Amino acid sequence: MTLHIFWKIFLISSFLMGCTHISDKSREQAARQTRLQLGLEYLKQGDYKAARQNFEKALLENEEDYRAQLGMALYEQNVGENKAAHQRYQKILKLAPLNATVMNHYGTFLCKQGDYASAQEQFSAAVLSTDYIEIADNLENAEYCFFEAKQYKFAQMLISRALKYDAEKGRFLIEKAKKQFKFKKYDHAQFLLNVHQSVLPVCAEVLLLQIYLSYKFGDEDSVQNIGKQLARDFSHSKEYKDYLAHED
């Protein structure tokens, strides 16, 4: 998730460059973008040495390119060089002070360092940025960070905001809740369902998963009440048939 948005930006930039007249300067830019793309790909694969080499070459060509600096910051935080990463993010924010992608990555870094108040500032600023084209994806990323840190209030606020920007995220949220249930992380699954139901209309899939969770929590009253709701509102659904089969 961390590299997903950054990768999109490079693809768009490369496409736009391909539409222009090729000059010496544009060849240099294309070569630098290739190095950055390679660096990101190596980073995704865990080949940190190769990633660093490509980012360093890009920086030697243009130290003021915030994308090259951001690539290096991602490398540094992946290998645990947190002090260097923090200092680099400060530099990147001076190079691209209104760039939402930078703020999102910095916010994620701060959250992992336990600086939740500063992370929240970065995420909030990113949402307000005019260039923030991937709001829902990034808010989802932020939510995971805050939930893992047990900062539930922030996590709920961020994922609720993501759903309001992109209701299709509801589908992903359900799948994520199912995954948490499968891994026996019932509290996180319940949290995700609570957020889904606070923002989006109820659906049979959510009700069935809520029944399974209620079983795990030993809440028989909720099992019965939600079962009745499933029968009343979604009697022809696959989920209701699954519920009846489970009851038998």
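Trainee: How do α12 and α14 run relative to each other, roughly parallel or roughly antiparallel?

Mentor: Roughly parallel, a label for angles under 35 degrees, with over 145 being roughly antiparallel, 65 to 115 roughly perpendicular and the rest oblique. Keep in mind that this is a predicted model, where local features need pLDDT of at least 70, side-chain atom pairs count only at pLDDT 80 or more, and totals for chains, interfaces and linings use all residues. Residues are numbered from 1 along each chain as its sequence is written, and side-chain values use heavy atoms, with hydrogens and water left out.

Trainee: What are the angle and the axis distance for α12 and α14?

Mentor: Helix α12 (residues 204-217) meets helix α14 (residues 238-247) at about 25°, and their axes are 9 Å apart. Helices here are DSSP runs of H or I, at least four residues, numbered from the N terminus. The axes are lines fitted to C-alpha atoms over the stretch in contact, and angles run from 0 to 180 degrees between N-to-C directions.

Trainee: Which residues make the contact?

Mentor: From α12, Ala 204, Glu 205, Leu 208, Ile 211, Tyr 212 and Tyr 215; from α14, Glu 239, Asp 242, Tyr 243, His 246 and Glu 247. Contact means heavy atoms within 4.5 Å. The set divides into 6 nonpolar, 1 polar and 4 charged.

Trainee: Switching to α6. Why call it largely enclosed?

Mentor: Because 12 of its 13 residues are buried, meaning under 20% relative accessible area, against over 50% for exposed and in between for partly exposed (1.4 Å probe, protein chains only). Among the buried ones are Met 103, Asn 104, His 105 and Tyr 106.

Trainee: What caps its N-terminal end?

Mentor: Asn 99 does, with a side-chain oxygen 3.0 Å from the backbone nitrogen of Thr 101. After α6 comes Gly 114, which has a positive phi near 90°.

Trainee: And Glu 76, buried or exposed?

Mentor: Glu 76 is buried, at 4% relative accessible area. This residue belongs to helix α4 (residues 66-78), and its side chain reaches the backbone nitrogen of Ala 85 at 3.4 Å.

Trainee: What else does Glu 76 contact?

Mentor: Apart from neighbours within four places in sequence, its contacts include Glu 81, Asn 82 and Arg 88.

Trainee: Is Glu 121 buried or exposed?

Mentor: Exposed, with a relative accessible area of 55%. Glu 121 sits in helix α7 (residues 116-128), and its C-alpha is 10.0 Å from that of Asn 104, 17 residues apart along the chain.

Terms used:
Helices (H or I, at least four residues) and strands (E, at least two) are DSSP runs, numbered from the N terminus. A polar contact is a pair of N or O atoms within 3.5 Å; within protein, one must be able to donate a hydrogen and the other to accept it, and residues adjacent in sequence count only if both atoms are side-chain atoms. Ala, Val, Leu, Ile, Met, Phe, Trp, Tyr, Cys and Pro count as nonpolar, Asp, Glu, Lys and Arg as charged, and the others, Gly among them, as polar.
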